[in-house]
Amino acid sequence: MGRVTGVRGSLALCLALLPSLPASACDVALLLAIDVSNSVDSAEYRLQVDGLADALTDPAIIDALVAGNSAISVVQWSGIDRQSVTLPWSRIATARDVAALSQSARLMPRAYTLSGTAPAEAILFSLANFGPVADCRRRVIDISGDGTPNIGADVASARQQAQRDGITINAIAIESMGLAITNFYARQVITRDGFVVTARRHRDYPRAIRAKILRELAKAIS
């Protein structure tokens with residue numbers, strides 16, 4: 001028994017002296033900031049929520065999220081004091097994690113109705129919520145909206161703060177006609193390393209959110 005105990009003790013000592021293996025690194029943290037201002041009716045809100053939930057069932061997106069050990073959170077926003085984290089940060093390690101996140105997104109209640117459009121405050125609120133995922137190599141705000149500001153602070157200043165913080169802003173511009181919202185997001189909202197995807201009305205949002213998430217995650221599977 002003495003010899004067995006001695007071997008076990010030596011093994012335990014050797015294991016204790018081995019360097020600890022680092023946890024898998026998080027490639028990207030995606031914060032999805034969804035517009036729920038007065039211009040978004042209940043059917044359009046449902047298109048956005050279901051579009052996000054469906055995107056999270058796409059095999060290519062699932063594979064990329066898992067490969068990158070990614071993290072996702074959802075914020076809903078509208079007026080100056082109308083921003084809420086409706087899905088806190090979820091760390092993605094397995095396809096099962098993505099399935100749970102998709103289900104949570106589909107059941108997500110609307111946070112606000114009958115409120116203005118203040119994208120600057122949405123950006124600033126989102127910037128303050130990256131603390132739990134500070135270890136992620138890339139941090140990205142995905143902001144979507146169907147209108148230009150009618151209230152709130154200067155959007156360009158909020159964008160400059162994101163650039164100082166090293167956080168990328170990408171966007172989905174939901175257009176009814178023309179490219180006015182797309183141009184607004186391109187000129188005043190997205191960061192230097194960001195991009196805009198145009199959705200033709202809310203019915204095109206599911207395609208747009210899938211395309212945007214795939215583009216953002218491309219580096220995780222490249």
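What follows is a short briefing on two helix pairs and a cavity.

This is a predicted model, so treat it as such. A search of the whole structure turns up one cavity of 30 Å³ or more. As for the helices, H5 packs with H6 at an angle of about 20°, while H2 packs with H4 at about 175°.

**The cavity**
- The largest cavity holds about 50 Å³ of space.
- Its lining is made up of Leu32, Ala33, Ile34, Leu52, Asp142, Ile143, Ser144, Ile172, Tyr205, Ile209 and Lys212.
- Three elements each bring at least two residues to that lining: strand S1 (28-35), strand S4 (138-145) and helix H8 (205-221).
- Sorted by class, the lining residues come out as eight nonpolar, one polar and two charged.

**H5 with H6**
- Helix H5 covers residues 119-127 and helix H6 covers residues 155-165, and their axes sit 8 Å apart.
- On the H5 side, the contact is made by Pro119, Ala120, Ile123, Leu124 and Leu127. H6 answers with Val155, Ala158, Gln161, Ala162 and Asp165.
- That contact of H5 with H6 splits into eight nonpolar residues, one polar and one charged.

**H2 with H4**
- Helix H2 spans residues 42-55 and helix H4 spans residues 95-106, with axes 8 Å apart.
- The angle of about 175° makes H2 roughly antiparallel to H4, because angles over 145 degrees are put in that class.
- From H2, the residues in the contact are Arg46, Val49, Asp50, Leu52, Ala53 and Asp54. They meet Ser102, Ala105 and Arg106 of H4.
- By class, the contact of H2 with H4 has four nonpolar residues, one polar and four charged.

**Where the topics meet**
- Which residue of H2 meets H4 and also lines the largest cavity? Leu52 is in the H2 contact with H4, and Leu52 is listed in the cavity lining too.

Terms used. Residues numbered from 1 in each chain as written. Predicted model: local features only at pLDDT ≥ 70, side-chain atom pairs only at ≥ 80, totals over all residues. Heavy atoms only, no water. Axes fitted to C-alpha atoms, helices over the stretch in contact; angles between N-to-C directions. Helix = DSSP H or I, 4+ residues; strand = E, 2+ residues; numbered from the N terminus. Contact = heavy atoms within 4.5 Å. Nonpolar A, V, L, I, M, F, W, Y, C, P; charged D, E, K, R; others polar. 1 Å grid on protein atoms, 1.4 Å probe; cavity = no way out; pocket = protein on both sides within 12 Å on 5 of 7 lines; lining within 4 Å. Points joined across faces, edges and corners; volume = space filled by probe spheres on them. Parallel < 35°, antiparallel > 145°, perpendicular 65-115°, else oblique.
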